[in-house]
Amino acid sequence: MPEPLLRVDDLSVRFESDEGAVHAVDGLSFALEPGQVLGLVGESGCGKSVSSMALLRLLPPTAVISGSARFQGVDLLQMPVRRLRQIRGREIAFVFQEPMTSLNPSFTVGRQIGEVLSRHLSLSRGEARERTVDLLRLVRIPAPERRIREYPHQLSGGMRQRVMIAMAVACGPKILIADEPTTALDVTIQAGILSLMRDLRERLGTAIVLITHNLGVVADIADRVIVMYAGRKAEEADVRELFRHPQHPYTIGLLGAVPRPVESGDSRQRLQEIPGRVPSMAELPGHCAFAPRCPRADELTRSEIPPLREIRPDHLVACFHPGSDGRA
Amino acid sequence: MSYVEVAPLVTPRARRRRLLLRRFVRRPFAVLGLVVALAFVVSAILAPVVAPANPDATDFNALLAHPSSEHLLGTDELGRDILSRIIWGARASIQAGVLATLLAMVIAVPIGLVAGYYRGWLDPVISRFTDVLLAFPFLIVAVGLAAILGPSLLNATIALGVGAAPGLIRIARGEALALREEDYVRAAVANGAGGPTILARHILPNMMNTLIVQATVTIPAAIIGEATLSFLGLGVQPPTPSWGVMLSAAQPYISDAPRLALYPGLAVVCCTLSFNLLGDGLRDVLDPRTQR
């Protein structure tokens with residue numbers, strides 16, 4: 001079997017603080033193929049952002065990272081920072097959640113995209129300008145020739161996120177990591193951004209790691225999904241498989257919390273919340289982290305960490321009592 | 001998708017500039033400060049043209065003369081025209097004020113940026129060092145340095161610049177510390193930018209407002225500093241005119257001819273006040289946090 005584009009093995013991230021260590025990610029493994037869209041799903045604080053930032057070592061120095069992340073055969077976690085800097089933005093690019101504050105207010109949009117281009121591709125001024133206009137057109141910004149002379153404060157949130165995406169794909173990265181790219185945006189603009197990302201994947205063949213807590217977004221665009229809970233992988237499957245046959249009670253709970261249109265008659269379904277809260281990461285338990293909130297919890301779940309098992313073909317679940325029947 | 005395109009009448013940069021200008025003009029004291037400060041700067045530059053008389057020409061027929069049409073502010077103990085000496089004295093003051101501030105910025109900004117952005121072991125070392133320097137009053141440091149360097153306008157300027165640097169280091173460090181947490185800085189790191197690029201393109205430009213405002217506070221402090229050093233004989237040497245030198249020379253005549261001290265003193269007050277008003281106005285205009 002050939003090496004995938006990115007193979008993450010046993011990635012763990014721990015933050016050392018005065019009050020002791022906080023385990024943000026614990027033994028996460030996954031593979032990403034070229035052009036694949038991988039959805040990383042979970043509640044706030046489940047470690048999805050931290051694990052993606054850890055790949056490019058963008059975390060503060062208090063973070064202790066272990067495991068490996070082999071990109072095209074080379075471990076990102078071991079390479080010198082100098083080499084890593086050539087990968088950041090060129091091979092693996094980031095789109096952050098906050099389009100309002102992720103652009104430098106002192107420079108025009110054109111100059112900021114040009115900065116990335118000249119850093120990685122050493123283009124001349126004219127070439128960079130031309131390419132910037134092309135990029136803005138690619139992310140469907142109208143009148144790009146004019147927009148490149150504008151400052152971030154003159155653009156709307158959706159426009160800014162498009163600029164961020166243009167900047168991210170400027171050098172034709174192999175992987176685009178999008179951390180909640182649509183969360184801060186209006187729903188109508190969300191749809192536009194998602195269709196743009198789908199389009200970019202088709203046209204540029206970019207693999208996308210999409211970090212989100214929104215299952216609708218995942219259903220819309222992802223090929224494969226990883227559900228994370230308390231820093232660990234709870235379930236992993238192809239998107240259709242996951243939505244049709246969710247096995248982990250947490251996944252089932254998440255799906256139950258998605259609003260659905262009224263199916264028949266006027267019996268409107270109440271949204272199902274998952275009781276309890278995400279556990280504090282400082283005291284990560286030695287048993288199934290979801291047990292306190294789980295309807296299927298028993299003695300076993302409260303005493304051991306469930307291993308990842310392949311329940312169905314290509315469908316991994318970390319649960320002692322998997323099964324999609326009897327949705328919680 | 002269809003957008004209604006509004007034709008831009010002015011470029012964005014010009015529009016922003018006009019907005020800032022409008023905000024500035026609404027503040028009468030700031031405008032007054034700008035006008036007076038400009039008047040001082042212009043008359044200092046054009047001293048040979050503006051001054052009614054040679055500041056060094058003595059007239060022994062008119063010693064300590066009262067103000068008259070010939071000598072608008074009277075003459076000093078050697079019969080020199082006071083107005084002309086004040087105008088020429090502005091040269092030393094403005095020169096010392098501006099150059100010392102520039103020197104302080106050149107020293108302080110890189111150090112503060114490095115300390116605030118890279119942190120590590122450098123930050124506490126630099127911070128403690130500036131804390132120690134800040135424990136000494138600005139003028140004491142400047143007087144000490146000027147005494148070591150020897151009396152001259154250049155040395156006084158260097159002393160003032162070095163003396164003003166610790167405070168600016170602290171400000172630049174604080175700004176860098178705050179700006180490094182900005183999303184666009186994190187985004188730049190994720191895009192492969194290295195430390196120098198981030199400092200030059202993302203942190204320094206976004207702290208310019210603060211630095212400009214700080215400069216308008218440092219300039220008057222340096223002007224007073226120059227007058228003080230010259231007064232103490234550590235700056236401009238007589239007979240070269242300087243406000244501090246004039247004040248010093250006026251001491252024996254303080255009861256007979258108080259105007260000898262009054263006019264240069266007024267010049268110091270007006271000049272520094274104008275820069276301070278200008279600085280206050282600029283802070284209000286440039287810093288959105290103080291918007292009313």
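This is a predicted model: local features need pLDDT of at least 70, side-chain atom pairs count only at pLDDT 80 or more; totals for chains, interfaces and linings use all residues.
Which strands pair with S9(A)? Strand S3 of chain A, residues 37–41, runs parallel to S9(A) and is joined to it by four bridges. Within that pairing, Ile226(A) has Leu40(A) opposite it. Strand S10 of chain A, residues 232–238, is antiparallel to S9(A), with six bridges between them. Here Val227(A) is bridged to Glu235(A) of S10(A). S9(A) and S10(A) also make a hairpin, with two residues between the strands. One detail to look for in the turn is Ala230(A), whose phi is positive at about 50°.

The strand pairings described in this report can be set side by side:

| Strand pair | Sense | Bridges |
|---|---|---|
| S3(A) and S9(A) | parallel | four bridges |
| S9(A) and S10(A) | antiparallel | six bridges |
| S4(A) and S5(A) | antiparallel | two bridges |

**An open sheet in chain A**

Chain A also has an open sheet of four strands, arranged in the order S2-S1-S4-S5 with antiparallel pairing. Strands S2 (20–32) and S5 (74–75) are at its edges; each has a single partner strand, so one side of each is left without a neighbour in the sheet. For S5(A), two bridges link it to strand S4 (residues 63–71) of chain A. One residue pair to find there is Phe71(A) with its bridge partner Val74(A) in S5(A).

**A buried lysine**

Is Lys174(A) buried or exposed? It is buried, because 20 other C-beta atoms lie within 10 Å and a count of 20 or more is what burial requires. Lys174(A) sits in the loop that runs between helix H6 (157–168) and strand S7 (175–179) of chain A. Leaving aside residues up to four places away in sequence, Lys174(A) touches Leu5(A), Pro34(A), Glu91(A), Ile92(A), Thr206(A) and Ala207(A). Gly35(A) is 139 residues from Lys174(A) in sequence, yet their C-alpha atoms are 8.0 Å apart.

**A helix pair in chain B**

Turning to chain B, helix H5 (residues 122–135) and helix H7 (residues 153–179) have axes that come within 9 Å and cross at roughly 140°. That angle makes H5(B) oblique to H7(B), and the crossing is left-handed. H5(B) contributes Ile126(B), Ser127(B), Thr130(B), Leu133(B) and Leu134(B) to the contact, while H7(B) contributes Pro166(B), Gly167(B), Ile169(B), Arg170(B) and Arg173(B). By class, these are five nonpolar, three polar and two charged residues.

**Where the chains meet**

How many residues does each chain bring to the contact? Chain A brings 28 residues and chain B brings 18 residues. On the chain B side, helix H8 (183–190) and helix H9 (195–203) each supply at least two residues. H8(B) gives the largest share of that side, with five residues. The chain B residues that touch chain A comprise eight nonpolar, six polar and four charged.

Notes. Residues are numbered from 1 along each chain as its sequence is written. Chains are lettered from A and ligands numbered from 1 in the order in which they are written. Axes are lines fitted to C-alpha atoms, for helices over the stretch in contact, and angles run from 0 to 180 degrees between N-to-C directions. Angles under 35 degrees count as roughly parallel, over 145 as roughly antiparallel, 65 to 115 as roughly perpendicular and the rest as oblique. A crossing is left-handed if the near helix is turned anticlockwise from the far one by less than a right angle, and right-handed if clockwise. Two residues are in contact if their C-beta atoms, placed from the backbone, lie within 7 Å. Ala, Val, Leu, Ile, Met, Phe, Trp, Tyr, Cys and Pro count as nonpolar, Asp, Glu, Lys and Arg as charged, and the others, Gly among them, as polar. Two strands pair if DSSP finds at least two bridges between them. A residue is buried if 20 or more other C-beta atoms lie within 10 Å of its own, exposed if 12 or fewer, and partly exposed in between; C-beta atoms are placed from the backbone.
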